[in-house]
Amino acid sequence: MLKVENLCAGIEEKTILQGLNITVNPGEVHAIMGPNGAGKSTLSYVLGGRPGYEVSSGSAELDGVDLLDMEPEDRAKEGVFLAFQYPVEVPGVSNMEFLKAAVESVYAARGWDVPSTVDFMKLAREACAQVQLPLDFLKRGVNEGFSGGERKRNEILQMMMLKPKLCLLDETDSGLDIDALQVVAEGVNSMRSPDRAFVVVTHYQRLLDYIVPDFVHVLADGKIVKSGGAELALELEEKGYGWIEGAA
Amino acid sequence: MAEQFKDSASALASTFVPSKGEQWLSAQRKQGSAAFSGAAMPSRRIEQFKYNNFNDLLKQNISLAGASDQALVAELTAEIPGLNAHRFVFVDGVFQPELSSATDADVSATAFSTADDAQQAVISDLLGKLVPEGDRPFVALADSLLDDGVLLEVAAGADLQKPVQLLSVRTTTGVATPRLLVKIGDGARASVIEQYQCADGVQAFDSAVSELDLGANAELHHYRIALGNDSYTHIGTSVAHQGRDSRYRAYVINTGGAINRLDHVVDVRGSGSNSQMFGAYLARAKQQVDIHLCVEHAVPNCDSQETYRGMAAESGKAVFNGRIQIHKDAQKTDAQLSCRNLLLSNKAELNAKPELEIYADDVKCAHGATVGQLDPESIFYMRTRGLSEEKARALLSYGFINEVLLAMPLEPLADFLRTPMDAFFANQDNS
Ligand SMILES: Nc1ncnc2c1ncn2[C@@H]1O[C@H](COP(=O)(O)OP(=O)(O)O)[C@@H](O)[C@H]1O
Ligand SMILES: [Mg+2]
């Protein structure tokens, strides 16, 4: 589904990703772990198409379609979803208005029926209940005055509504208490399916107790320096990142 | 150039006959003519007009509004869904009793031309009296061409369940001077919508004056809405005069307009009063919008909060001037002014200036004005959800202004306003 080859990218002259490779097949969950500053968010942003990031070489394809030349909205329409490490406030635009505009755009592009207003409201309320946000959050400004945990749940809510092929979650667990972590994990687990894949970026092993990955990769100095199964996360938890960086 | 405007307007005033032939206000008209003759016309050298360009107006030969276009009247006076208001309608400057609601014991509207002796006394007492001294050429012009205005009275103690809509529409070129007097009795509560609109492409010019008098312990929600287009010049003066322990809420919307200007005076004359003003002003294309707010705190123990949002896109010009005067006796005043602006193109202009003048020593005041651009991170966030860059920009701009609409208790009116707002944000060329 996702194929990233030898990706080198950076921002403002600074090279951050230095030849990154990763292949994700449909149905799989990959965890990317690594120390602060390793380039995890950079990878998410480059795949999401954030302006300002310069790709100097390499490729990233979604089901054979080159992502790197696309506008961010076109990637979303291809089925990429990026859950932000720091979701942004959009004051004055209600969650409902924002979600509706997003759903209309993405569903139309993917050839799905755009739900009627009534159906849309029903779906939105269901998703809201599933991430355990009170219904009045749909009326509030996007992330406006939301706590850190509420913002992350709101990201999962959006992901549920948009039904992406590839979900990139950038430290969705950071700043969450254990209850919120479980809610987020349940949201992700409920969406696992044979034709959808997840890349879960995290700094801590804790999230992976709830979202059990098929593969764990360690990102350090802009590349994947080690890959393994779920047990690698436990090893990292125990020994820290030092031993791997040393090895790389 | 200014002479063209001034001479033609003066000539109009000298031969002016009010549409209903009413004579008892001719002294007011004479006074207006004299004041207009003596007034300096707007120019860049005059502080209050510095940021506007009046050239297009000043080179015009002013004529009176001609016969109205009935098809446009019907279109522009369509009811706002769900608003369910008492309605009083002006067409091209003249009050239209046949388009207006019946009145009842709690609220009455009287055309100046049909006022009986007692009502004439009320009107004479108020008319022009609330407007503070100072150079006001457009008020003088409105006085000199004073036509059939309306006196709206809300009875003391009344708690109006329905809002009152004073709708003024323009369907033809020329000058109109819609005139309003609003008297909110002691202890009464009311929502009054003062709304100005003009058919697209009609080169209309308004010099509109409204005076609102709040009795002791009265509460008025004043919606002051001027929806402009490229051809409409609307210059308005609105004065609210607050009695003791009164509460005044203003929701001011100025969109578009060849010139769309409001001089808004809030004259706090009764202690224990509260004033809250929310406003939005938006210009695109070559439009000019302007809000000059002046809050006069003359008495002790009052507070006021002012929240404004402005936006200039394309080659638009937006001006906000927010003056808060705290007079010597106005101890314990608490005044907070916040004004945030979006400048969306290099060709647009935005001037936002708060002015605090404080002559009392025991007061709390704060003001802030900012001018910024749309946040790139927010745009990216929205695009990752499938919204085009243009849609993301439009939605962000809408959200910025929507904060003012969300403050309005009258939701049907806020909904009605979202349509022109959406159109305003769509398809901008800010290159
Ligand atoms: N806007 C930026 N300009 C310059 N350097 C940046 C910028 N954003 C991130 N970096 C740097 O790039 C590196 C990788 O950052 P990031 O991808 O955020 O790491 P992670 O998410 O793994 O903690 C860090 O050294 C960081 O300081
Ligand atoms: Mg990060």
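Buried means under 20% relative accessible area, exposed over 50% and partly exposed in between, with a 1.4 Å probe and protein chains only. At 2% relative accessibility, Phe36(B) counts as buried.

This is a predicted model, in which local features need pLDDT of at least 70, side-chain atom pairs count only at pLDDT 80 or more, and totals for chains, interfaces and linings use all residues. Residues are numbered from 1 along each chain as its sequence is written, chains are lettered from A and ligands numbered from 1 in the order in which they are written, and side-chain values use heavy atoms, with hydrogens and water left out.

**Aromatic pairs**

A pair of aromatic rings is described by the distance of the centres and the angle of the planes. Rings of Phe, Tyr and Trp (its six-membered ring) pair here if their centres lie within 6.5 Å; planes under 30 degrees apart count as stacked, over 60 as edge-to-face and the rest as tilted. By this rule the count comes to 21 aromatic pairs over all chains. Phe5(B) takes part in the two pairs tabulated here.

| Pair | Centre to centre | Angle of planes | Class |
|---|---|---|---|
| Phe5(B) and Phe36(B) | 6.3 Å | 70° | edge-to-face |
| Phe5(B) and Phe138(B) | 6.4 Å | 55° | tilted |

Both pairs link distant parts of chain B. Helices (H or I, at least four residues) and strands (E, at least two) are DSSP runs, numbered from the N terminus. Phe5(B) lies in helix H1 (residues 2–14) and Phe36(B) in helix H2 (residues 26–38), 31 residues apart. Phe138(B) belongs to helix H6 (residues 137–144), 133 residues from Phe5(B). Phe5(B) is buried at a relative accessible area of 0%, and Phe138(B) is buried at 6%.

Ring pairs also link residues of both chains into a cluster: Tyr45(A), Tyr53(A), Phe84(A), Phe98(A), Phe380(B) and Tyr381(B). A charge sits over a ring if NZ of Lys or CZ of Arg is within 6 Å of the ring centre and within 35 degrees of the ring normal. The charged end of Arg50(A) sits over the ring of Tyr45(A), 4.5 Å from its centre. In chain B, Arg284(B) has its charged end over the ring of Phe424(B), 6.0 Å from the centre.

**Chain interface**

The size of an interface is often given as the accessible area lost when the parts come together. Buried area is the accessible area (1.4 Å probe) that two parts lose on being put together, summed over both. Chain A and chain B bury about 2,100 Å² between them, 63% of it on carbon and sulfur atoms. In chain A, Glu73(A), Val88(A) and Phe98(A) lose the most area to chain B, together 24% of what that side buries. Phe98(A) is also one of the rings in the cluster. Contact means heavy atoms within 4.5 Å. On that basis, 35 residues of chain A are in contact with 22 residues of chain B.

Ser41(A) lies in helix H1 (residues 40–48) of chain A and Gln85(A) in the loop between strand E6 (80–83) and strand E7 (90–94), so the pair ties together parts that are 44 residues apart in sequence. Gln85(A) is buried, with a relative accessible area of 13%.

**Cysteines**

A disulfide is a pair of cysteine sulfur atoms within 2.5 Å. The structure holds zero disulfides over all chains. The sulfur of Cys339(B) is 15 Å from the closest cysteine sulfur, in Cys294(B), which is too far for a bond. Cys339(B) is buried at 1% relative accessible area, and Cys8(A) is buried at 16%.

**Individual residues**

Thr172(A) is found in the loop between strand E9 (166–170) and helix H6 (178–191) of chain A. Thr172(A) is buried at 2% relative accessibility. Not counting residues up to four places away in sequence, Thr172(A) touches Ala83(A), Lys152(A), Ile156(A), Val184(A) and Val201(A).

Arg189(B) is in strand E8 (residues 189–198) of chain B and is partly exposed at 40%.

Most residues other than glycine have a negative phi. Asp63(A) has a positive phi near 45° and is partly exposed at 41%. Asn84(B), with a positive phi of about 50°, lies in the loop between helix H4 (70–76) and strand E1 (86–91) of chain B.
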